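These are my notebook entries on a structure that I examined. I record what I looked up and what I found.

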Amino acid sequence: LFFFSLDTDRALVLLEEYCKKLRKPEEQQLKKAIRKVMGIFKSSLFQALLGSFKKKATRHGTTSHTSLPAALACDVLGCPKD
């Protein structure tokens with residue numbers, strides 16, 4: 001779960017940085033939607049689902065994948081891949 005927690009934290013940082021750039025009136029709806037996603041990432045339900053996903057991935061030997069939360073944030077924001 002620690003692996004996923006760090007990646008969730010990274011995704012939250014990326015989303016927060018992006019939200020700071022959204023200042024135009026027409027961007028406020030997007031900003032509100034991103035803040036909802038951030039709230040989901042911070043929720044205990046999301047963290048529990050990540051823990052469950054990690055357990056399943058470990059059982060199936062598929063833990064060497066890209067972080068889901070960070071990958072999602074980078075896809076949305078156009079971040080360069082590590």
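I count a contact when heavy atoms lie within 4.5 Å. I worked from a predicted model, in which local features need pLDDT of at least 70 and side-chain atom pairs count only at pLDDT 80 or more, while totals for chains, interfaces and linings use all residues. Residues are numbered from 1 along each chain as its sequence is written, and side-chain values use heavy atoms, with hydrogens and water left out.

**Entry 1. Confidence and overall layout**

I first looked up pLDDT, the predictor's confidence in each residue, from 0 to 100. The chain has a mean of 76, and 59% of its residues reach 70 or more. I took helices (H or I, at least four residues) and strands (E, at least two) as DSSP runs, numbered from the N terminus. The chain has four helices and zero strands, in the order α-α-α-α from the N terminus on. Confidence is highest in H2, at a mean of 93, and lowest in helix H4 (residues 68-77), at 62. I note that where pLDDT is low, the predicted coordinates should not be read in detail.

I then looked up burial, with buried meaning under 20% relative accessible area, exposed over 50% and partly exposed in between (1.4 Å probe, protein chains only). Of the 82 residues of the chain, 29% count as buried. Among contacts with a separation of 6 or more, 59% come from residues 24 or more positions apart.

**Entry 2. Lys-31**

I located Lys-31 in helix H2 (residues 28-42). Leaving out residues up to four places away in sequence, Lys-31 touches Cys-19 and Leu-22. For charge, I counted Lys and Arg as positive and Asp and Glu as negative, and did not count His and the chain ends. A salt bridge required a side-chain nitrogen of Lys or Arg within 4 Å of a carboxyl oxygen of Asp or Glu. Lys-31 is buried yet has no salt bridge, and Glu-16, the nearest side chain of opposite charge, is 7.1 Å away.

**Entry 3. The salt bridge**

Which residue forms a salt bridge with Glu-16? I found that Arg-35 does, with the closest N and O atoms 3.0 Å apart. The pair links distant parts of the chain, with Arg-35 in helix H2 and Glu-16 in helix H1. Their C-alpha atoms are 8.1 Å apart, across 19 residues in sequence. The structure holds one salt bridge. Glu-16 counts as partly exposed because its relative accessibility is 25%, and Arg-35 counts as partly exposed because its value is 37%. Glu-16 also touches Met-38, with residues up to four places away in sequence not counted.

**Entry 4. Nonpolar core and aromatic pair**

I defined a nonpolar core as a set of buried Ala, Val, Leu, Ile, Met, Phe, Trp, Tyr and Cys residues joined through side-chain atoms within 4.5 Å. The largest has ten residues, including Cys-19, Leu-22, Met-38, Phe-41 and Phe-46. Helix H1 (2-21), H2 and helix H3 (44-60) each supply at least two residues of this core. H1 gives the most, with four residues.

For aromatic pairs, I required ring centres of Phe, Tyr and Trp (its six-membered ring) within 6.5 Å; planes under 30 degrees apart count as stacked, over 60 as edge-to-face and the rest as tilted. A search of the whole structure finds one aromatic pair. The centres of the Phe-41 and Phe-46 rings are 4.9 Å apart and their planes are at 25 degrees, so I recorded the pair as stacked. Phe-41 is buried at 5% relative accessibility, and Phe-46 is buried at 17%.
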